[in-house]
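I opened this notebook to record what I looked up, step by step, in one structure. The sequence and the model come before my entries.

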Amino acid sequence: DIHSRQQLRLAAHQGVSTPILYRCLPAVTVGTMNFRERFWSHVDIPDAMPETCWEWKGYVHPLGYGRVQVNRFLASRGYCGPVPAHRAAWEYEVGPIPSGLQLDHLCRNKPCVRIEHLEPVTAAVNKQRWASLITHCMREHEFTFQNTRVYRGKRQCRACGRIRSQAQRQRQLGSTRTLTSGFNGKEVRVQ
């Protein structure tokens, strides 16, 4: 006898036939599974570790987010075309995402669809949380107080700025020489 939602999800994941006790999704059946069962069949739910991510095993977009095709339930909520899997999971299990909010992955794992790892936040908060994870520039200079400037709301590496300025001066002079940054001594060849 299966009672809780987690037991229902685990049973659906393991291929066990379960009664349709779902709250949000209408009982629309395709073959032997309804849309919710089909959705959760594409999720890897580890049995051993209770706080691990539930990763989407279907199609994953190049940006890292799982994608799911829209069904009648999601279409009735205004979606069309492929939908991020974490948004579909939230809609299935919790309800509509509040207007003006985005779902933030607290675990920082983009294919994760576990509801406990998602939080509705504003776009500004979501962007700020993700930006705080970036600690080095593309040339691997650390973003420290001395090496960082903020221009139009974005962080910029001062060492890379110096390298760009030196390269521009060298191009204007027409000579070739090796430039080094002051923070980690990486050499950049400029022609």
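Before placing any residue I noted how elements are named: helices are DSSP runs of H or I with at least four residues, and they are numbered from the N terminus. I also kept in mind that the model is predicted.

Entry on A123. I looked up where A123 sits and found it in helix α5, which covers residues 123-131. Its relative accessibility is 40%, so I wrote A123 down as partly exposed. I then checked A123 against L103, which is 20 residues away along the chain, and the two C-alpha atoms are separated by 9.0 Å.

Entry on backbone angles. Most residues other than glycine have a negative phi, and I looked for exceptions. R108, which is not a glycine, has a positive phi of about 60°, and I located R108 in the loop between β7 (102-105) and β8 (118-121). With 24% relative accessibility, R108 counts as partly exposed. E140 also has a positive phi, near 70°, and E140 lies in the loop between α5 and β9 (148-151). I recorded E140 as exposed because its relative accessibility is 53%, and the cut-off for exposed is over 50%.

Entry on the nonpolar cores. Which residues touch the most other members of the largest nonpolar core? I found that they are F39, W40, V43, W56 and V113, within a core of 20 residues. The elements giving two or more residues to this core are α2 (35-40) and α4 (85-93), and α4 gives the most, with 5 residues. Apart from this core I noted another one of 5 residues, including F143, C157, A159 and C160.

Key
Residues numbered from 1 in each chain as written. Predicted model: local features only at pLDDT ≥ 70, side-chain atom pairs only at ≥ 80, totals over all residues. Heavy atoms only, no water. Core = buried A, V, L, I, M, F, W, Y, C linked by side-chain atoms within 4.5 Å. Buried < 20%, exposed > 50% of the residue type's maximum accessible area, 1.4 Å probe, protein only.
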